[in-house]
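Subject: Structure handover and notes

Dear colleague,

Please find the structure below, together with the notes I promised on what was found in it. I would be grateful if you could read them with the model open beside you.

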Amino acid sequence: KRSKLEIKRVTQGAICIEELDVVDGKFVTLSNESGEHHKIKGYVLTATEGSESVSYKFNKKTVIERDSNLVVWGADFSDRQEGDDVVANDFGCFLHGEHVEITLADKDGQVVARFSFEKAEIFNASNQPEPVVKKDNCVIS
């Protein structure tokens, strides 16, 4: 089965949701695209699919170094953790499926980054499935 994967990202600030493991929901990668370290104490990362959601609140020690990434692993995949990676012990994996939205809200509840994707089967002119991946870069607004 071949499908089209549309990814949309919007960022308001220094932190971007760079990547989600769309196959198994193992991890979410956050990216600090600024030239400064960024503390994300109290920020909440939420994955939603339909009426289901899982959330992880960052503790006071969490910092994303300047121009670097932070990987947040679901607890089922904690053995993959390296260096400064974080394990979200509140749930086994991030939601994954046909349409998932990931948000990052700051300590005041303001959504500062959003990542969504949608899978859909597509066909070419000869009615054969055709793989297409559309990927948008982070948009700073």
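The notes below start with the chain as a whole and then turn to particular residues.

This is a predicted model, in which local features need pLDDT of at least 70 and side-chain atom pairs count only at pLDDT 80 or more, whereas totals for chains, interfaces and linings use all residues. Residues are numbered from 1 along each chain as its sequence is written, and side-chain values use heavy atoms, with hydrogens and water left out.

**The chain as a whole**

The protein chain holds zero helices and 12 strands, where helices (H or I, at least four residues) and strands (E, at least two) are DSSP runs numbered from the N terminus. Of the 141 residues in the protein chain, 40% are buried; here buried means under 20% relative accessible area, exposed means over 50%, and partly exposed lies in between, with a 1.4 Å probe and protein chains only. The accessible surface of the protein chain comes to about 8200 Å², and 43% of that surface belongs to carbon and sulfur atoms; the areas come from the Shrake-Rupley method with a 1.4 Å probe, and for residues only the protein chains shown count as cover. If one takes the contacts (heavy atoms within 4.5 Å) between residues at least 6 apart in sequence, 60% of them join residues at least 24 apart.

**Salt bridges**

Side chains of opposite charge can pair when their charged atoms come close. With a salt bridge defined as a side-chain nitrogen of Lys or Arg within 4 Å of a carboxyl oxygen of Asp or Glu, the count comes to two.

One of the two salt bridges joins Asp 24 and Lys 26, whose closest N and O atoms are 3.7 Å apart. Asp 24 is partly exposed at 31% relative accessibility, whereas Lys 26 counts as buried because its relative accessibility is 18%. Lys 26 lies in the loop between β2 (15-20) and β3 (27-32), and, leaving aside residues up to four places away in sequence, Lys 26 touches Asp 21, Val 72, Trp 73, Gly 74, Phe 77, Arg 80 and Phe 94.

The side chains of Glu 101 and Arg 114 also meet in a salt bridge, at 3.2 Å from N to O. This pair links distant parts of the chain, with Glu 101 in strand β10 (residues 99-105) and Arg 114 in strand β11 (residues 111-120), 13 residues apart. Glu 101 is partly exposed at 27% relative accessibility, and Arg 114 is likewise partly exposed, at 34%. Strand β10 itself is largely enclosed by the rest of the structure, because five of its seven residues are buried. Strand β5 (residues 44-49) runs antiparallel to β10 and is joined to it by five bridges, two strands being paired if DSSP finds at least two bridges between them; within this pairing, Thr 48 stands opposite Glu 101.

His 37 is found in the loop between β3 and β4 (38-39) and is partly exposed at 47% relative accessibility. Its side chain makes a polar contact of 2.7 Å with the side chain of Glu 65 and reaches the backbone nitrogen of Arg 66 at 3.3 Å. A polar contact is a pair of N or O atoms within 3.5 Å; within protein, one must be able to donate a hydrogen and the other to accept it, and residues adjacent in sequence count only if both atoms are side-chain atoms.

The C-alpha atoms of His 37 and Asp 67 are separated by 8.2 Å, although the two residues are 30 apart along the chain. Asp 67 lies in the loop between β7 (63-64) and β8 (68-74) and is exposed, with a relative accessible area of 55%. Most residues other than glycine have a negative phi. Asp 67, which is not a glycine, has a positive phi of about 50 degrees.

**An aromatic pair**

Rings of Phe, Tyr and Trp (its six-membered ring) pair if their centres lie within 6.5 Å, and planes under 30 degrees apart count as stacked, over 60 as edge-to-face and the rest as tilted. The count by this rule is two aromatic pairs. The rings of Tyr 56 and Phe 58 form an edge-to-face pair, because their centres are 5.0 Å apart and their planes stand at 85 degrees. Tyr 56 is buried at 10% relative accessibility, and Phe 58 is buried at 3%.

With best regards
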